[in-house]
Amino acid sequence: MDEITAYYARHSEEGRLESGCGALEFARTQELVLRYLPPPPATVVDIGGGTGAYSRWLAGLGHRVHLLDLAEPQVREARRRGGLRSSIVGDARALPYGEIQADAALLLGPLYHLTARGARMRALAEARRILRPGGLLFAAAISRYASLLDALAAGWIDEPGSLAMVERDLRDGQHRNEGGHPQGFTTAYFHRAGELAAEVREAGFHLIAVSAVEGPGWVARQLDLRCRDERLKHQLLGLLRRVEEAPELIGMSLHYLATARA
């Protein structure tokens, strides 16, 4: 966990969500969340919320948002920016909340970094514990094929250590950037879409959907322009919406989002 928190201290997650693939990920996640989230004011817990990119967006819509993150500097920054009901340090596997009967829980990061299945199941069980009956879970996962796709598209597959890292990702989903490759992310677990669905169901949720977040949209040329221009963005999001659950294409997405009810 020290390695993971150090990674996020060096790399701005909010900055990543402002351009390119990150901006597309942000827009699509917002769209998928709003499709099911009840009208404000709903009580939302953002588990692993970092400095609060999604929390502040939801609070700005009128929701009552509580943020939790493992990294104290991230929580401190979320508090500094304000607008949330609470911002606290905590572990997704043992939430420091009583039965708060939340309307929705966001897990938009913890499942990336809980590399043991038992740890992921504990995080999902904790999210279920704090939800009211019928409350919504939004749980994100990185695709098993994310590093392969990125390495091929960005051209770093032939750099030293890259091939072995990608081959391990494909073999068992256990991502390790032991060589410190600048494009190689940090310690993580990469899911298959069906595996994410099975974990959510096993945790006692009624699964609504596992959706491709970026789908094939991240390969679009001039992606920054498409995410900034409202007409082009609307066009791209509409196309991705049509194929978000297509089994032939879901593996092309860099991220998946599971939506479920407690």
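Here is a short tour, one selection at a time.

Before you click, know that this is a predicted model, where local features need pLDDT of at least 70, side-chain atom pairs count only at pLDDT 80 or more, and totals for chains, interfaces and linings use all residues. Residues are numbered from 1 along each chain as its sequence is written, and side-chain values use heavy atoms, with hydrogens and water left out.

Select residues 230–242, which make up helix α12. Helices here are DSSP runs (H or I, at least four residues) and strands are too (E, at least two), numbered from the N terminus. α12 has 13 residues and reaches 18 Å from its first C-alpha to its last, close to the expected 18 Å (1.5 Å times one less than its number of residues).

**Stop two: a core.** Which residues touch the most other members of the largest nonpolar core? Select Leu 24, Leu 106 and Phe 138 out of its 42 residues. α3 gives the most to this core, with six residues. A nonpolar core is a set of buried Ala, Val, Leu, Ile, Met, Phe, Trp, Tyr and Cys residues joined through side-chain atoms within 4.5 Å. A second, separate core of 34 residues includes Ala 92, Leu 114, Ile 130 and Ala 139.

**Stop three: a strand residue.** Go to Ser 87 in strand β3 (residues 86–89). Is Ser 87 buried or exposed? Ser 87 is buried, at 9% relative accessible area. Beyond its neighbours within four places in sequence, Ser 87 is in contact (heavy atoms within 4.5 Å) with Leu 67, Val 75, Ala 78 and Arg 79.

**Last stop: Ala 262.** Look in the segment after β9 (255–261) for Ala 262. With 32% relative accessibility, Ala 262 counts as partly exposed. Leaving aside neighbours within four places in sequence, its contacts include Arg 128, Pro 133 and Phe 205.

How values were computed
Buried means under 20% relative accessible area, exposed over 50%, partly exposed in between (1.4 Å probe, protein chains only).
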